[in-house]
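Me: I have a model open and want to go through a few spots in it. Can we start with a loop residue and then do some helix packing?

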Amino acid sequence: MKLYCLSGHPTLPCNVLKFKSTTIMLDCGLDTTSVLNFLPLPLVHSPRLSKLPSWVSKDGTINLEKELKECAGRVFVDSQPEFCLPERELLDLSTVDVILVSNYHCMMALPYITEHTGFTGTVYATEPTLQIGRLLMEELVTFMERVPKAQSATCWKNKEIQRMLPGPLKDAVDVWTWKRSYSMQEVNSALSKVQLVGYSQKVELFGAVQVSPLSSGYSLGSSNWIIQSHHEKVSYVSGSSLLTTHPQPMDQSSLKNSDVLILTGLTQMPTANPDGMLGEFCSNLAMTIRAGGNVLVPCYSSGVIYDLLECLYQFIDNANLGTTPFYFISPVANSSLEFSQIFAEWLCHNKQSKVYLPEPPFPHAELIQTNKLKHYSSIHGDFSSEFRQPCVVFTGHPSLRFGDVVHFMELWGKSSLNTIIFTEPDFSYLDALAPYQPLAMKCVYCPIDTRLNFHQVSKLLKEVQPLHVVCPEQYTQPPQSQAHRSDLMLELHPPPMPYRRCSVLNLPFRRRYERVYILPELANSLVPSEIKPGVSLATVSAVLHSKDNKHTLQSVPKAPPAPPSKKRKRVPEEPPVLLGPKPLLSGAVPLEAFLATLQKVRRDLIVVFRIMSCNTFLCCKNKCEESVRRNKQFITCRAESAGRTRSWL
């Protein structure tokens with residue numbers, strides 16, 4: 001069993017597991033942190049961005065005027081943002097049989113895999129994962145296509161030039177593999193390969209293994225996966241949460257008795273308490289609104305925003321913010337809010353019970369009905385006519401490199417009354433704000449990450465007790481900024497097996513047993529003998545038949561009769577009856593008198609005696625051949641000499 005690691009991002013994994021003649025890809029996350037190296041894509045012309053100076057090396061030898069721009073001491077690529085894809089050279093991805101998706105954030109690289117590698121397999125995901133993943137892909141494509149850039153920067157990717165660039169461009173990994181966004185046609189083609197599954201549903205792969213999704217408790221439809229044969233079990237834990245939020249709670253019991261547990265997707269903010277971050281978010285929002293400023297919340301169109309709106313629903317009236325408008329702007333805003341209300345069976349018990357009252361599971365439905373929350377597909381059209389300040393705007397993209405958020409950064413960034421509140425933990429807020437410097441608006445960092453922290457995962461592993469644990473190498477050592485914090489790493493016995501991008505691990509267990517079925521008629525022919533109490537033994541001669549990884553013992557077939565030969569058989573002929581020569585004389589002669597007469601015959605004659613009998617013997621003497629037949633009272637003699645023949649009877 002081997003594990004191929006194609007991604008270096010611990011929360012956006014992409015691994016390939018080879019297990020019992022099947023090749024299984026575990027997630028296909030897209031590392032979007034690479035877009036932080038690019039300039040933002042404004043919806044309208046930005047004089048500030050257009051006047052940024054070009055970067056020139058200190059010695060003047062490198063001058064990429066059309067590709068690199070400098071802002072506040074940082075160098076950015078002036079081109080369409082590109083993404084760091086999973087490694088595609090480590091193994092032939094066309095050999096992948098299936099892809100298992102754990103949540104909608106970990107499927108954003110799916111079109112790159114299914115449409116450009118020769119992939120012909122099947123993708124398995126839950127229905128919310130598929131539908132919300134489609135929304136996130138559609139949103140990404142829309143953000144990119146509505147602000148196209150004709151030029152494409154490639155010269156800076158030359159290894160000799162990149163070596164001369166300042167950080168972080170100098171340290172960027174595999175820049176030649178970075179790609180622009182896919183198209184909507186590729187998205188639709190990729191998602192057409194997805195087959196829907198439900199929690200605890202068992203799917204058989206080629207008769208070799210069974211895969212089954214379990215609730216992970218992180219987001220709508222998020223899953224952990226069990227991959228098992230008759231005698232081996234592998235658990236894949238990715239993006240899980242033990243906190244009580246809107247999804248179904250995590251299924252922990254099914255993870256027990258695993259031979260190998262592959263662990264990814266732990267919290268990126270192990271020291272930040274999600275409840276404390278929610279409280280800080282609400283208090284900073286209220287302070288800004290009361291001071292007459294606006295609040296900008298860069299976020300994804302699904303996920304944490306549901307919890308933020310629910311928190312604000314309870315907070316608005318207590319903070320006297322009932323007249324403050326809340327805007328949610330995204331190309332898929334309407335679909336996202338509606339999907340959250342119709343996936344009732346994937347929600348926690350408290351929200352499921354509201355559906356039968358009937359009440360909407362999420363309170364943002366009431367915010368929409370009372371016009372406290374309004375959603376728009378873009379800043380154009382109805383929004384421009386209904387927009388009023390001070391307000392709170394939820395929009396994307398959290399990287400601040402594309403989407404409607406770029407327009408609000410240019411609009412509100414010069415006023416200290418306004419505040420931007422970061423809630424998504426995927427991007428460094430300092431790197432996200434770098435191309436907007438100098439910035440007057442206040443910045444608040446409240447990352448809300450409900451995934452497992454190191455204390456929770458250590459407790460979980462003690463309960464499920466896997467034989468071996470495999471995890472990213474980032475989890476085996478404390479963060480560089482907090483090297484003294486040994487509690488921010490995994491300490492297990494035996495130690496976990498770490499992996500990093502482009503590494504191949506031989507997982508430490510071997511297949512010992514295989515299940516074999518025996519046909520009933522063969523089983524009936526066995527005669528077991530008891531060798532000790534409770535144990536019987538029988539010998540068996542059989543034929544092992546293997547098909548689709550299922551093995552069956554069958555009776556030894558009987559030898560078939562020899563097929564008729566195509567050659568014509570020759571019918572054996574009976575020996576011809578030898579007729580004696582026609583006698584010249586006829587009559588009866590006594591035997592003794594005949595022998596006496598024979599002695600008088602000349603010695604130069606060759607005399608042949610033929611005595612016919614049932615019992616025949618042959619005697620040769622003096623060139624004489626004798627044959628006697630006792631039941632016949634006749635003798636045929638043949639004498640040959642100098643061409644003469646004589647016969648007597």
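Me: Where does Ser399 lie?
Reply: Ser399 is in the loop between β17 (392-395) and α12 (405-412). Helices (H or I, at least four residues) and strands (E, at least two) are DSSP runs, numbered from the N terminus. This is a predicted model, so local features need pLDDT of at least 70 and side-chain atom pairs count only at pLDDT 80 or more, while totals for chains, interfaces and linings use all residues. Residues are numbered from 1 along each chain as its sequence is written, and side-chain values use heavy atoms, with hydrogens and water left out.

Me: Is Ser399 buried or exposed?
Reply: Ser399 is buried, at a relative accessible area of 0%. Buried means under 20% relative accessible area, exposed over 50%, and partly exposed in between (1.4 Å probe, protein chains only).

Me: Which side chain makes a polar contact with that of Ser399?
Reply: That of His397, at 2.8 Å. A polar contact is a pair of N or O atoms within 3.5 Å; within protein, one must be able to donate a hydrogen and the other to accept it, and residues adjacent in sequence count only if both atoms are side-chain atoms.

Me: What else is Ser399 in contact with, leaving aside neighbours within four places in sequence?
Reply: Val35, Leu36, Phe427 and Ala432. Contact means heavy atoms within 4.5 Å.

Me: Switching to helices. How do α6 and α7 cross?
Reply: The axes of α6 (residues 274-290) and α7 (residues 304-315) come within 11 Å and cross at roughly 60°. That makes α6 oblique to α7. Axes are lines fitted to C-alpha atoms, for helices over the stretch in contact, and angles run from 0 to 180 degrees between N-to-C directions. Under 35 degrees counts as roughly parallel, over 145 as roughly antiparallel, 65 to 115 as roughly perpendicular and the rest as oblique.

Me: Which residues make that contact?
Reply: From α6, Leu278, Phe281, Cys282, Leu285 and Ala286; from α7, Leu308, Cys311, Leu312 and Phe315.

Me: And at what angle do α3 and α5 pack?
Reply: About 165°, with the axes of α3 and α5 (residues 184-191) 10 Å apart. The two are therefore roughly antiparallel.

Me: Which residues meet there?
Reply: Leu130, Arg134, Met137, Glu138, Val141 and Glu145 in α3 meet Met184, Val187, Asn188 and Leu191 in α5.

Me: Which helix holds Gln131?
Reply: Gln131 sits in α3 (residues 127-145). At 19% relative accessibility, Gln131 counts as buried. Not counting residues up to four places away in sequence, Gln131 touches Phe339 and Phe343.
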